[in-house]
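Q: I have a model open and would like to learn how to read its packing. Could we go through it together?

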Amino acid sequence: MKKELLSLWKKHAIDERRGVIELLPEALLAQASEIVFGEGAEIVSAGAFPEYIYFVLSGTVEGVKYFENGERYQFFSLDTRNGGIGLMELFARQSAFVASVVATSEVRALALPSAVYYEYALKSPELLKLNLYYVARDLYKSSARDGMLFFKDGMERVKYFLADYYSSAGGKKELAVEADYEKIAVTLGLSVRTVGRSIRRLREEGLVGKRGRRLTISAEQYKKLKDAIER
């Protein structure tokens, strides 16, 4: 059964270089509007009705949840490669966005009425397959991350973030971490103070370095981080 499933996955492989927009006909795209959002602008609000689906043409966005104490937690991030804003709500038939989505840079996005997109997608097996893949993949990643980190303290969460950051960058000899303490805190649901304290300890233990104002991770440090997480 394993061999059969692996064979089917290969047969029906998804080309991630091919975006959702490429599968949309001109008649459908004619009903869309291109919108530019400045850095920090809120594209959708948690609890709002998903009237439009937004496809990112350039820039990056993140889904965040705000807490009463002013802290915020990052649920996900999106760019031109991974689907669109509102796909999960649309196909789950949910009438409210689960999180607010904020532009983390200047963003150009294509806004398409959800009803128009939904009706077309249900008639297009190829588009439906691509949507299913994007939504399922992102849910798998977030579930794996949240499940692994749920019972971990701040230090262990920061180790996981840095190891994952290095791995996602393709395994360079030495990687400069672009994310600042606030970004790491938002991603992990921690305070900036906890992140700073954890990174200070990691530097003392030789698990990360520093060049100028940026953290660095070498291949050897990545291996040590990974080994520490897996203990």
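A: Happy to! Keep in mind that this is a predicted model. Let's start with leucine 28, which sits in helix α2 (residues 26-29).

Q: Is leucine 28 buried or exposed?

A: Leucine 28 counts as buried, because its relative accessibility is 7% and the cut-off for buried is under 20%.

Q: Which residues does leucine 28 touch, leaving out those up to four places away in sequence?

A: Its partners are Leu112, Val116 and Tyr120. Leucine 112 lies 84 residues away along the chain, yet the two C-alpha atoms are separated by 8.4 Å.

Q: How do I describe two packed helices?

A: Two packed helices are described by the angle between their axes and the distance between those axes. Here, take α6 (residues 154-168) and α8 (residues 192-204): their axes come within 9 Å and cross at roughly 75 degrees. That angle falls in the 65 to 115 range, so α6 is roughly perpendicular to α8.

Q: Which residues make the contact between α6 and α8?

A: From α6 come Gly154, Met155, Val158, Lys159 and Leu162, while α8 brings Thr194, Val195, Ser198, Ile199, Arg201 and Leu202. Sorted by class, that contact has 6 nonpolar, 3 polar and 2 charged residues.

Q: How many residues are in the largest nonpolar core?

A: It has 24, and Val158, Leu162, Ile184, Val195, Leu202 and Ile217 have the most contacts inside it. Two or more residues come from each of α6, α7 (181-188), α8, β11 (214-218) and α9 (219-230), with α6 giving the largest share, 7 residues.

Conventions. Residues are numbered from 1 along each chain as its sequence is written. This is a predicted model: local features need pLDDT of at least 70, side-chain atom pairs count only at pLDDT 80 or more; totals for chains, interfaces and linings use all residues. Side-chain values use heavy atoms; hydrogens and water are left out. Axes are lines fitted to C-alpha atoms, for helices over the stretch in contact, and angles run from 0 to 180 degrees between N-to-C directions. Helices (H or I, at least four residues) and strands (E, at least two) are DSSP runs, numbered from the N terminus. Angles under 35 degrees count as roughly parallel, over 145 as roughly antiparallel, 65 to 115 as roughly perpendicular and the rest as oblique. Contact means heavy atoms within 4.5 Å. Ala, Val, Leu, Ile, Met, Phe, Trp, Tyr, Cys and Pro count as nonpolar, Asp, Glu, Lys and Arg as charged, and the others, Gly among them, as polar. A nonpolar core is a set of buried Ala, Val, Leu, Ile, Met, Phe, Trp, Tyr and Cys residues joined through side-chain atoms within 4.5 Å. Buried means under 20% relative accessible area, exposed over 50%, partly exposed in between (1.4 Å probe, protein chains only).
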